[in-house]
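Please walk through this model one part at a time.

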Amino acid sequence: MDSILIKGGRELHGDIPIAGAKNACLTLMPATLLSDEPLTLTNAPRLSDIATMTTLLRSLGAEVQGLQDGQVLALSSHNLVNHVAEYDIVRKMRASILVLGPMLARERHAVVSLPGGCAIGARPVDLHLQALEALGAELELRDGYVHAKAPGGLKGGIVEFPLVSVGATENALMAATLAKGTTELRNAAREPEIVDLAQCLRRMGAQIEGEGTETITIQGVDRLGGATHRVVTDRIELGTYMLAPAITGGEVTCLGGRIDLVGAFCEKLDAAGISVEETEKGLKVARRNGRVSAVDVTTEPFPGFPTDLQAQMMALLCTAEGRSVLEEKIFENRFMHAPELMRMGAKIDVHGGTATVTGVERLKGAPVMATDLRASVSLILAGLAAEGETMVNRVYHLDRGYERVEEKLGNLGARIERVAGI
Ligand code: EPZ
């Protein structure tokens, strides 16, 4: 297992490219299952999660080709030979559940392994299943798999989500495009990745209105065609790299960054004393003056503060002047970066879903361990600002969601290198 070694304390300066959104790409790729015509995705990120989704789609008989060094994905599922998404692949990546809705809608049957939990929580899929049942699916849970059937095809209906779920909204949205009649998704997720998916489905011929609001209405059609679609910018990678100059004291422009993708996050940066300027190249970020100020953060569904930036924000607040309270309202166990940050001298008190951070002048480099994707990059950010050396172990977590992190940060002046594992 590889590690990342950082010699901290250097200000970062320059431009950093932001890739296409992992969490958009992971729902756009299964959309190929809705049509027998080719789907081309441009601006695709080069990440291990994308490789896992590629393996899964190929196991179903879809063709997936990575072109231009993986930045273009050419997908086609005109010849699906297998309707079982095996546990061995699904267990590696929970987003695999997103093949269920499209495969059921077009093929009228699907067998998908339940994904199981992960480090940050139990991550049930009950809302996905409730939504598909509301569209007429017959579901049976057996031997750890969801056996789904819709012999006469799915039928439009009302889907009332009891709580906001990104994945369940995506599964239901894709399934509804081929359901007979009208579907209304109520209390739908509003994330930019949902908007991106709806725009791609519309290019394929779907009839959708209201994406980005809490109610999405879909008129089912008999079939969908092919499309070419550019994956939206990754707002979580954007927010993560905006924190690099914030924590080191430099000035960095995140190329292609847009304020509308990170509105609530920018409000907190502003309150912490970080300036964000929208330029024609992207978002230019710098500290307004000396030390960062403490701010309180509560994670919420979009357009609130994203849970996927909570760990990274905590790293910044570990060096802020004053006390910050972070409330994690989306997942039940998303503070695993806290004990690792404390190994670097951070002062963090965790009680249930609340973490209280008392800022310190300087963190100290130390060997730390990545536990999940966003926790791992939070430790990288802390290492950039810390005095001395930080070795982040188990960085396979990092490679799931961040392309070439050491190269991108190295280009900004960071002293960072990958140490090949034994
Ligand atoms: C998506 O996960 C993202 N993953 C997550 O990003 C992100 O943290 C999350 O949305 C919230 O924004 C992808 O898009 C691939 P949810 P998802 O359904 O869809 C509960 C990252 O770091 N819930 O919105 O799984 C769930 O337990 C990853 O890139 C149910 O109870 O998230 C959670 O508490 C991590 N039943 C809450 O809802 C369900 O059927 C929100 O989950 C589904 C979800």
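Four strands make up an open sheet with mixed pairing, in the order β22-β23-β1-β24. Helices (H or I, at least four residues) and strands (E, at least two) are DSSP runs, numbered from the N terminus, and two strands pair if DSSP finds at least two bridges between them. The edges of this sheet are β22 (367-369) and β24 (415-419), each of which pairs on one side only. On average, neighbouring strands here are turned by 20° against each other, direction ignored. Strand β22 pairs with β23 (residues 389-393) in the parallel sense, over three bridges. Within that pairing, methionine 369 has asparagine 393 of β23 as its bridge partner.

This is a predicted model, in which local features need pLDDT of at least 70 and side-chain atom pairs count only at pLDDT 80 or more, while totals for chains, interfaces and linings use all residues. Residues are numbered from 1 along each chain as its sequence is written, and side-chain values use heavy atoms, with hydrogens and water left out.

Another open sheet of four strands, also with mixed pairing, has the order β6-β7-β9-β8. Its edge strands, β6 (84-85) and β8 (138-142), each pair on one side only. Two bridges link β6 to β7 (residues 109-113) in the parallel sense, and valine 84 stands opposite valine 111 in β7. Helix α4 (residues 100-107) packs on this sheet and touches β7 and β9 (145-149); contact means heavy atoms within 4.5 Å. The direction of α4 makes about 160° with that of β7, where axes are lines fitted to C-alpha atoms, for helices over the stretch in contact, and angles run from 0 to 180 degrees between N-to-C directions. The loop between α4 and β7 holds arginine 108, a residue other than glycine whose phi is positive, near 70°.

Strands β20 (residues 347-351) and β21 (residues 354-358) run antiparallel and are joined by five bridges.

Which residues come nearest to the ligand? They are Asp126, Leu127, Ser165, Asp308 and Ile330, out of 23 residues around the ligand; a residue is near if one of its heavy atoms lies within 4 Å. By class, this shell has eleven nonpolar, five polar and seven charged residues. Here Ala, Val, Leu, Ile, Met, Phe, Trp, Tyr, Cys and Pro count as nonpolar, Asp, Glu, Lys and Arg as charged, and the others, Gly among them, as polar.

Ligand oxygen atoms have several polar contacts (pairs of N or O atoms within 3.5 Å). A backbone N or O atom of isoleucine 330 lies 2.5 Å from a ligand oxygen. A polar backbone atom of valine 166 is 2.8 Å from an oxygen atom of the ligand, and a polar side-chain atom of arginine 374 is 2.8 Å from a ligand oxygen. The ligand taken alone exposes 830 Å², of which the protein buries 86%; accessible areas come from the Shrake-Rupley method with a 1.4 Å probe. Elements that give two or more residues to the shell are α1 (22-28), α5 (126-134), α6 (166-176) and α12 (373-385). Of these, α5 gives the most, with three residues.

One further backbone detail concerns a cis peptide bond, which joins phenylalanine 302 and proline 303 with omega about 10°. Proline 303 sits in the loop between β18 (297-298) and α10 (310-317).

Definitions and conventions:
A polar contact is a pair of N or O atoms within 3.5 Å; within protein, one must be able to donate a hydrogen and the other to accept it, and residues adjacent in sequence count only if both atoms are side-chain atoms.
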